[in-house]
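Please view the sequence and structure below before reading on.

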Protein chains: 2
Amino acid sequence: MSTAKPLYEQLARLGKAVASPARLELLDLLCQGPRTVESLAQEAGLSIANTSQHLRVLHGARLVEGEKSGLFVTYRLADPSVCSFFQTLRALGEQRLAEVDAILRQFREAPETLEPVEKDALLDRIQKGEVILLDVRPAEEYRAAHLPFAVSAPLKDLDSLLATLRRRKPIVAYCRGPYCVLAKEAVRLLRARGFRAVRLEDGVPEWRAQGLPVVVGEGSK
Amino acid sequence: MSTAKPLYEQLARLGKAVASPARLELLDLLCQGPRTVESLAQEAGLSIANTSQHLRVLHGARLVEGEKSGLFVTYRLADPSVCSFFQTLRALGEQRLAEVDAILRQFREAPETLEPVEKDALLDRIQKGEVILLDVRPAEEYRAAHLPFAVSAPLKDLDSLLATLRRRKPIVAYCRGPYCVLAKEAVRLLRARGFRAVRLEDGVPEWRAQGLPVVVGEGSK
DNA sequence: GAAATAATCAAGTATTCTATTGACTAGTCA
DNA sequence: TGACTAGTCAATAGAATACTTGATTATTTC
């Protein structure tokens with residue numbers, strides 16, 4: 001009857017790769033763009049050795065690839081489909097796990113989040129320059145890819161950037177995606193300083209998944 | 001900075017659920033329709049207790065649900081999206097793991113497999129009755145859902161059914177999907193008996209995933 | 001009520017996975 | 001050359017998993 005057992009064993013390799021919270025976080029970070037081991041470790045709060053080993057597991061499942069240049073090894077997703085897969089997993093979690101839904105609700109309920117309804121209209125206004133779109137992720141991730149017309153404004157440097165912003169112009173801030181706190185923080189800060197600011201829930205991966213274009217490199221500054 | 005760590009922990013529940021070959025096989029079977037523990041155990045070649053425990057893990061990840069009626073507990077996918085997720089995982093495997101691709105090639109290369117190009121035309125002819133569409137899975141799965149116009153012809157009973165078939169009419173056989181051997185066997189048998197038969201790679205889940213309608217219940221016999 | 005059956009539970013062992021530690025390799029820069 | 005750095009490797013202890021076996025819980029049937 002020649003069973004297809006070996007197939008399930010292979011697919012389980014992928015399952016095992018995404019069976020650890022630490023690896024999921026690393027994958028999520030890599031969805032934002034390539035990064036060095038050290039940078040990943042720091043962002044995820046893991047030791048270097050531990051991070052290296054998790055990356056090695058992900059590599060064993062062919063989900064990421066690393067390339068050494070100089071002292072650093074830069075890891076990146078082996079394929080854009082890996083990012084889609086992560087998003088599918090996340091969507092399944094949202095749908096099936098009440099716990100995920102509860103965590104997400106904390107984000108969505110926040111009053112500063114943009115309603116999907118308003119999204120289209122606002123993005124149109126961004127294009128016309130009537131609204132400012134801020135990318136509040138670290139500059140590294142902005143460089144890897146960002147939304148069209150977005151200005152890089154890392155949360156850390158936001159305070160010093162405020163001086164250059166016109167106080168009347170409405171601001172839309174985004175970060176890594178629906179699970180990320182950076183944009184929430186940014187909106188809080190901006191509002192405290194008297195700006196009109198809202199949060200865009202989408203990050204670059206979500207934007208890309210909708211088939212919309214992203215900009216790679218320095219872009220507008 | 002209120003990290004989103006708990007989120008990754010939750011998503012890892014899903015990852016762990018699909019980190020075992022046995023559980024993947026059970027999921028795959030459940031994509032064909034609801035089944036009892038005993039029936040799943042037998043099909044997957046696992047002990048009853050082991051199967052029960054794996055199902056319990058899947059239930060813990062909210063991927064399946066069990067319902068007791070009489071002596072039997074019938075398990076089913078908790079949601080159709082679980083089946084889509086399994087297919088996404090499988091697609092990622094096909095794309096990223098050379099080993100999966102190698103296994104699949106054995107199926108696709110088989111000369112009796114229908115080319116995707118011919119598929120549309122042939123299905124049109126099935127609808128017109130010019131071609132016979134055979135569902136060679138166990139009757140239980142046919143009952144759970146089958147393709148329109150398909151006739152139930154479990155591989156085990158195929159031999160006795162041949163008498164009722166007209167030898168000139170071309171036959172298309174399908175089973176659980178691209179990984180399943182049933183239709184391959186059926187085509188081999190049919191050809192040995194002098195019939196013109198080809199294999200349709202799609203199963204009910206693939207058909208459904210393409211947004212096409214399926215028939216639930218007895219259907220044509 | 002007693003026997004039979006489907007499934008689950010509980011316990012035990014072998015295996016695998018995780019995170020840490022310290023050693024090691026390779027590349028850089030003075 | 002020698003000091004320094006990023007990352008990997010190797011070994012380890014502890015935690016989690018897998019599968020088996022035998023007992024237990026419901027439910028049906030006689």
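## Surface near DNA strand D

By class, the residues of the surface near DNA strand D comprise 9 nonpolar, 9 polar and 5 charged. The model discussed here is predicted. In it, DNA strand D is surrounded by 23 residues, and the closest are A:E38, A:S52, A:R56, A:Y75 and B:H54. Of the atoms of DNA strand D that come within 4 Å of the protein, 82% belong to sugar and phosphate.

Several polar atom pairs can be named. The side chain of A:R56 places an N or O atom 2.8 Å from a phosphate oxygen of DNA strand D. From chain B, a polar side-chain atom of B:S47 lies 3.5 Å from a phosphate oxygen of DNA strand D. A base nitrogen of DNA strand D is 3.2 Å from a polar side-chain atom of A:Q53. Two or more residues of this surface come from each of α3 (37–44), α4 (48–60) and β3 (72–77) of chain A, and likewise from α4 (48–60) of chain B. The most is given by α4(A), with 5 residues.

## Surface near DNA strand C

Around DNA strand C there are 23 residues, of which A:H54, B:E38, B:S52, B:R56 and B:Y75 come nearest. Sugar and phosphate make up 75% of the atoms of DNA strand C that come within 4 Å of the protein. The surface near DNA strand C has 9 nonpolar, 9 polar and 5 charged residues.

For B:L71, a backbone N or O atom is 3.3 Å from a sugar or linking oxygen of DNA strand C. The elements that contribute two or more residues here are α4 of chain A and, from chain B, α3, α4 and β3 (72–77). The largest share, 5 residues, comes from α4(B).

## Helix packing in chain B

Two packed helices are described by the angle between their axes and the distance between the axes. In chain B, the axes of helix α3 (residues 37–44) and α4(B) come within 9 Å and cross at roughly 110°. Angles of 65 to 115 degrees count as roughly perpendicular, so α3(B) is roughly perpendicular to α4(B).

On the α3(B) side, the contact is made by B:V37, B:E38, B:L40 and B:A41; on the α4(B) side, by B:I48, B:T51, B:S52 and B:L55. The contact of α3(B) with α4(B) has 5 nonpolar, 2 polar and 1 charged residues. Two of these residues, B:E38 and B:S52, are also among those nearest to DNA strand C.

Methods: Residues are numbered from 1 along each chain as its sequence is written. Chains are lettered from A and ligands numbered from 1 in the order in which they are written. This is a predicted model: local features need pLDDT of at least 70, side-chain atom pairs count only at pLDDT 80 or more; totals for chains, interfaces and linings use all residues. Side-chain values use heavy atoms; hydrogens and water are left out. A residue is near a molecule or strand if one of its heavy atoms lies within 4 Å of it. A polar contact is a pair of N or O atoms within 3.5 Å; within protein, one must be able to donate a hydrogen and the other to accept it, and residues adjacent in sequence count only if both atoms are side-chain atoms. Helices (H or I, at least four residues) and strands (E, at least two) are DSSP runs, numbered from the N terminus. Ala, Val, Leu, Ile, Met, Phe, Trp, Tyr, Cys and Pro count as nonpolar, Asp, Glu, Lys and Arg as charged, and the others, Gly among them, as polar. Axes are lines fitted to C-alpha atoms, for helices over the stretch in contact, and angles run from 0 to 180 degrees between N-to-C directions. Angles under 35 degrees count as roughly parallel, over 145 as roughly antiparallel, 65 to 115 as roughly perpendicular and the rest as oblique. Contact means heavy atoms within 4.5 Å.
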